[in-house]
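Trainee: I would like to go through the terms used for this structure and see what each one rests on.
Mentor: Then ask about them one by one.

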Amino acid sequence: MFDKTLAELAQGLENGDFSSVELTQAYLDRIKAEDSKYNSYISVTESQALAQAKAADDTRAAGNAGAFTGLPFAHKDIFCTEGVRTSCASKMLDNFVAPYNATVVDKFNAAGGVMLGKTNMDEFAMGSSNESSFYGPARNPWDTERVPGGSSGGSAAAVAARLAPAATGTDTGGSIRQPAALCGITGIKPTYGRVSRYGMIAFASSLDQGGPMTRTAEDAAMMLNVMAGFDRRDSTSMQRDVPDYTADLSKPLAGLKIGLPKEYFPSDLNPAIAEQVQNAIKEYEALGATVKEISLPNTGLAVPAYYIIAPAEASSNLSRFDGVRYGYRCDSPVDLEDLYKRSRGEGFGAEVKRRIMVGTYALSEGFYDAYYKKAQQIRRLIKQDFTEALKEVDVIMGPTTPEPAFKLGEKTSDPIAMYMEDIFTIALNLAGLPGISIPCGQTNGLPVGLQVIGDYFAEQKLLNVAHQFQLATDWHKQSPEGI
Amino acid sequence: MTLKLTPKYQEEAIMALDRSDVERIAHLARLQIDQQDIPEYTENLSNILDLVDQMQAVDTSETEPMANALDAVQRLRKDDVTEENQRDALQSVAPAVENGLFQVPKVIE
């Protein structure tokens, strides 16, 4: 049962092979037995999950089941869930029980989904290893001495360890795609504005985007069908029809034009990563695609521009955590300034404080033009690189990450080394483009991810391109030893 | 690993930070930081600023800043009341509330 995809589980529910209550209980039991190895969940919502499963079974019995009715999954602990702790993996929100649901949560509830719990993550989604979590790091099921990636590391670890058939994630600089790559699963960051940000605790608002993390592209399409859509409560939500993301999955790829940016294959790229990605490209050629070298000349500027824009927006967004309205409050403040400073100083972890300070500095008087404005100009150059390239090719491919999963503690003392983890993923957030990571090989028993980048709102195309690869290969079917 | 993806580096950083800069920034951000952590923050922040200073080597004099990739603008709506009062629900998560008001230390003597 734990090896089944969402699509297979949906079929099982439809056939009456098992009920949602049985399926949900099986996952809850497995989480209880196994998650101490991975720390992939912050909260497990057992009674609520069983109630949702019962309701889903009733809906099915009444003949009203939809495509997602009764399917269990997990939410990243960044999505507000009414009546359930929503911690963002921070001491600041350790006591925060959300008074309302994120739009994404409402949508899964309306679709009859069953939330198993809330997954671990880097604190406020700031990190690429899940090590900044207040609740301790999640661990990579392929090697528990290694990180699952981040920030959606708990979601990726839970799916890879079969502790959830699927999970939601959010991606500000690679936080869906990088952990998906490191844990050998499928993860898609949709076009900016495609999935509502309402109730998704804000990190960098012009970059944040929610998306699915699943075993297969087909499952990601099922999830995205639930998640995507206009929301008047999100001021940057796009008013645009949502297609059926499963509709184009089976289209053949003959004639597909793939661009390979030379900047994504630098001379010092891990050779095993380069080899696995090249093998995947050969598979695509066998499926009828043609390949062309392209250039994205401003690639090297993406990380620098990001580390102004994201911290600047974070410093503004996280000013709301003041010890007054919600979240952590320090003991015995002597005055209001002391209340602010100590609540924030004690409530936030080191990486969050670092980013708030970088952002505060970049936005401080006299530095705005040199930093924030400059970064927004670079951002346009990066977008132009992609729009030029996408005139000549249908999709762009390359490695998702420069190396496979690294060891816990390996990069914690060097923030810059951690930031370079996202070197291939970060530009898409700056440009607002969609990207998917799919498993495309292994090196020393660790998964390697292939990133496929498409034009604005080309999620259907990306899912089609990913699904066809998964029909022809079985990298996505591999599971860690003993799982 | 260090990727050689960036061809150009700024010759000199705009500004290397010192201890007093970090204290000033922490004050602006209303963050209490431990004295013993200041050297590490100073080094980390200086390194990050050094990284982002790579941007300065690029001529952007003809480039418009981009805030939204699709150049979307804020939607407007009629100035109607559309939300219900949820004060009790929203204050249920506040650290200290009295008579519907958030409590903070005394500000005026």
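Mentor: Among contacts in chain B between residues at least 6 apart in sequence, 58% join residues at least 24 apart. The model is predicted, so local features need pLDDT of at least 70 and side-chain atom pairs count only at pLDDT 80 or more, while totals for chains, interfaces and linings use all residues. Residues are numbered from 1 along each chain as its sequence is written, and chains are lettered from A and ligands numbered from 1 in the order in which they are written.

Trainee: What makes two residues a contact?
Mentor: Their C-beta atoms, placed from the backbone, lie within 7 Å.

Trainee: What are the elements of chain B?
Mentor: Chain B has three helices and two strands, in the order α-α-α-β-β from the N terminus on. Both kinds are DSSP runs numbered from the N terminus: helices are H or I with at least four residues, strands are E with at least two.

Trainee: How many residues does each chain give to the contact?
Mentor: Chain A gives 66 residues and chain B gives 47. On the side of chain A that touches chain B, H12(A) gives the most, with twelve residues. That side divides into 34 nonpolar, 16 polar and 16 charged residues. Nonpolar here is Ala, Val, Leu, Ile, Met, Phe, Trp, Tyr, Cys and Pro; charged is Asp, Glu, Lys and Arg; the others, Gly among them, are polar.

Trainee: Why are H2(A) and H3(A) called roughly antiparallel?
Mentor: Helix H2 (residues 20-34) and helix H3 (residues 46-61) of chain A pack at an angle of about 160 degrees, with their axes 8 Å apart. Angles over 145 degrees count as roughly antiparallel, under 35 as roughly parallel, 65 to 115 as roughly perpendicular and the rest as oblique, so H2(A) is roughly antiparallel to H3(A). Axes are lines fitted to C-alpha atoms, for helices over the stretch in contact, and angles run from 0 to 180 degrees between N-to-C directions. By class, this contact has six nonpolar, three polar and three charged residues.

Trainee: How do you know that A:Asp422 is buried?
Mentor: A residue is buried if 20 or more other C-beta atoms lie within 10 Å of its own, exposed if 12 or fewer, and partly exposed in between. A:Asp422 has 27 and is therefore buried. Its place is in the loop between H13 and helix H14 (426-431) of chain A, where A:Asp422 touches A:Ser128, A:Gly173, A:Gly174 and A:Gln178, not counting residues up to four places away in sequence.

Trainee: What makes the phi of A:Ala125 worth noting?
Mentor: Phi of A:Ala125 is near 70 degrees, a positive value in a residue other than glycine. Most residues other than glycine have a negative phi, and most peptide bonds are trans. Phi of A:Asn130 is also near 70 degrees. A:Ala125 has 30 C-beta neighbours inside 10 Å and so counts as buried; A:Asn130 has 35 and so counts as buried.

Trainee: Which residues does the cis peptide bond join?
Mentor: The bond joins A:Gly150 and A:Ser151, with omega about 10 degrees. A:Ser151 is found in the loop between strand E3 (114-119) and helix H5 (153-160) of chain A.
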